[in-house]
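Colleague: Hi! I'm new to this one, could you walk me through its charged pairs?
Modeller: Happy to, let me bring it up.
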Amino acid sequence: MSASIRKLIVQVDETRQEMGKTIEPPTRRAVAIAVIENPYAGRYSESLDELIAIGEELGGLLGEKCVKALGIAPGAAQSYGKAAIVGEAGELEHAAAILHPKLGAPLRAAVEKGAALVPSAKKRGTLGTAIDVPLGHKDAAFVRSHFDAVEARVSDAPRANEIVVAVAVTDSGRPLSRIGGLQVSEIKGEDGLR
């Protein structure tokens with residue numbers, strides 16, 4: 001099954017100053033969003049295999065779009081996250097089918113490694129609904145400097161029979177992080193935690 005993509009959006013935000021301090025290099029976060037047709041809209045199905053396959057397809061596509069938008073090598077990616085908004089003719093389990101079983105492996109390939117779980121969020125919504133895509137370090141979940149989120153929103157989606165799927169990738173943590181915890185230089189990346 002191939003995703004029926006109505007719209008693809010890629011955006012990058014770059015923080016250059018925070019609290020009057022220059023951020024050098026700037027903190028950059030990319031979000032790639034696909035607006036897709038929900039093949040299960042308006043009906044119940046015991047099997048959600050079509051959405052699971054679509055999730056696998058979108059994990060690689062959206063992850064690669066983010067890395068390219070940041071202009072970095074895949075291994076230079078530091079954080080990632082995923083989210084989905086299901087239109088009103090769908091159900092939350094449709095978002096879960098896209099996000100959880102198979103989206104992660106191709107996203108990890110797009111950012112090289114990715115030992116940590118990919119943070120996720122899902123909700124039901126309508127046109128213009130926003131969702132915060134949670135972020136965490138790709139190799140070590142305990143790196144507090146990378147606990148963050150970036151908003152994803154499409155003004156004309158999701159329609160009732162659509163799903164908005166977003167993947168976010170960063171090349172750094174939060175600007176001016178200073179709350180301690182495991183530092184990037186201390187990551188072992190063996191268990192996805194430290």
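Predicted model: local features only at pLDDT ≥ 70, side-chain atom pairs only at ≥ 80, totals over all residues.

Colleague: Thanks! How many salt bridges does the structure hold?
Modeller: There are seven salt bridges.

Colleague: Which residues are linked in a network of salt bridges?
Modeller: That network links Arg6, Lys7, Asp156 and Glu162.

Colleague: Okay, what about Arg6 and Asp156, how far apart are N and O there?
Modeller: Their side chains form a salt bridge with an N to O distance of 3.1 Å. Arg6 sits in strand β1 (residues 5-18) and Asp156 in the loop between β6 (148-153) and β7 (162-170), so this pair ties together parts that are 150 residues apart in sequence.

Colleague: And where does Glu162 come in, which strand is it in?
Modeller: The side chain of Glu162 also meets that of Arg6 in a salt bridge, at 2.5 Å from N to O. Glu162 belongs to strand β7 and Arg6 to strand β1, so the two tie together parts 156 residues apart in sequence.

Colleague: Is Glu162 buried or exposed?
Modeller: Glu162 is buried, with a relative accessible area of 4%. Arg6 is partly exposed at 31%, and Asp156 is partly exposed at 22%.

Colleague: New topic: which residue forms a salt bridge with Asp171?
Modeller: That's Arg28, and the closest N and O atoms are 2.7 Å apart. The pair links distant parts of the chain, with Asp171 in the segment after β7 and Arg28 in strand β2 (residues 21-37), 143 residues apart.

Colleague: Is Asp171 buried or exposed?
Modeller: Asp171 has 16% relative accessibility, under the 20% cut-off, so it counts as buried. Arg28 counts as buried too, at 16%.

Notes: Residues numbered from 1 in each chain as written. Heavy atoms only, no water. Salt bridge = Lys/Arg side-chain N within 4 Å of Asp/Glu carboxyl O. Helix = DSSP H or I, 4+ residues; strand = E, 2+ residues; numbered from the N terminus. Buried < 20%, exposed > 50% of the residue type's maximum accessible area, 1.4 Å probe, protein only.
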